[in-house]
Amino acid sequence: MISGLISIYLATLMKSLPQVKTEQHHSAMFQNVLTAAPIPQTKANTETSSPADPSTTSSPAIQASAYIVVDLRSGKTLSGKKVGERRAIGSITKLMTALIVLNENNLNDIVKVPESATKVEGSRIWLAAGEKITIRDLIYGLLIHSGNDAAYTLAIYNSGSIETFVAKMNDRAQKLGLKNTHFTNPAGLDRDDNYSTAEDIALLGSYAYRNSFIRYAVSIPKITVMSVNQQFKHELEST
């Protein structure tokens with residue numbers, strides 16, 4: 001899911017992008033992001049030239065109940081449906097968890113996995129209680145395999161408790177301009193008050209895309225990570 005989100009942003013830079021009627025909901029905010037941290041230069045986006053001829057393109061067939069397509073260069077909303085509707089966002093929540101940890105902790109820090117993190121529901125990388133593993137490998141588990149146990153381990157290491165970390169997530173959301181977003185856990189477990197909107201997720205994604213480690217991690221299809229003593233092995237695979 002997370003890798004797919006980043007891929008959407010790359011897709012908006014392709015020459016075949018159709019011209020559609022634009023909206024301006026978050027244009028100014030996206031422009032602020034672009035000014036603060038320009039789009040990383042790659043072959044795909046440096047070759048982008050003029051928009052495609054509308055007569056030779058067609059709008060994509062999208063079945064999602066809500067969606068948004070944003071041009072990262074101009075900050076314009078190119079297409080969307082129910083972009084401001086609050087919805088459950090699942091593991092996209094992990095982008096905020098990763099941003100906070102990468103901003104405040106060192107990739108080489110060694111973390112002791114708390115027992116409570118090994119009991120979290122949903123997708124896991126099967127961490128063992130007491131296992132020692134680096135933040136780098138935990139973030140791989142977070143972004144590649146969508147490990148909920150990795151998310152909880154990182155949150156507790158960063159803030160001492162889930163409650164304190166979640167408060168930090170919500171504070172960061174406000175500072176980033178995510179006006180219709182609220183978090184209740186670091187993994188994205190479905191809860192009534194863990195929600196966001198398509199336009200807020202696009203803004204969060206634009207910040208995440210500018211972090212070089214996040215861009216690298218979500219590009220990895222499969223990797224094996226180990227505890228620092230090599231006792232525990234975790235096979236990670238992106239969906």
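Predicted model: local features only at pLDDT ≥ 70, side-chain atom pairs only at ≥ 80, totals over all residues.
Let's start with helix α6, which covers residues 135–143. Is this helix mostly out in the open or enclosed? Of its 9 residues, 8 are buried, so the rest of the structure largely encloses α6. If you want to find them, the buried ones are I135, D137, L138, I139, Y140, G141, L142 and L143.

Next, look at how two other helices meet. A packed pair of helices is described by the angle between the two axes and the distance between those axes. Here the pair is α4 (residues 94–104) and α8 (residues 162–175), whose axes sit 10 Å apart at an angle of about 95°. That angle makes α4 roughly perpendicular to α8. On the α4 side, the contact is made by M96, T97, L99, I100, V101, N103 and E104, while α8 brings in F165, K168, M169, R172 and A173. Sorted by class, this contact has 7 nonpolar residues, along with 2 polar and 3 charged ones.

You'll find N211 in the loop between α9 (198–209) and α10 (212–217). Is N211 buried or partly exposed? With a relative accessible area of 22%, it counts as partly exposed, because buried would call for a value under 20%. The side chain of N211 also reaches the backbone nitrogen of I214, at 3.1 Å.

Definitions and conventions
Residues numbered from 1 in each chain as written. Heavy atoms only, no water. Buried < 20%, exposed > 50% of the residue type's maximum accessible area, 1.4 Å probe, protein only. Helix = DSSP H or I, 4+ residues; strand = E, 2+ residues; numbered from the N terminus. Polar contact = N/O pair within 3.5 Å; in protein donor to acceptor, adjacent residues only side chain to side chain. Axes fitted to C-alpha atoms, helices over the stretch in contact; angles between N-to-C directions. Parallel < 35°, antiparallel > 145°, perpendicular 65-115°, else oblique. Contact = heavy atoms within 4.5 Å. Nonpolar A, V, L, I, M, F, W, Y, C, P; charged D, E, K, R; others polar.
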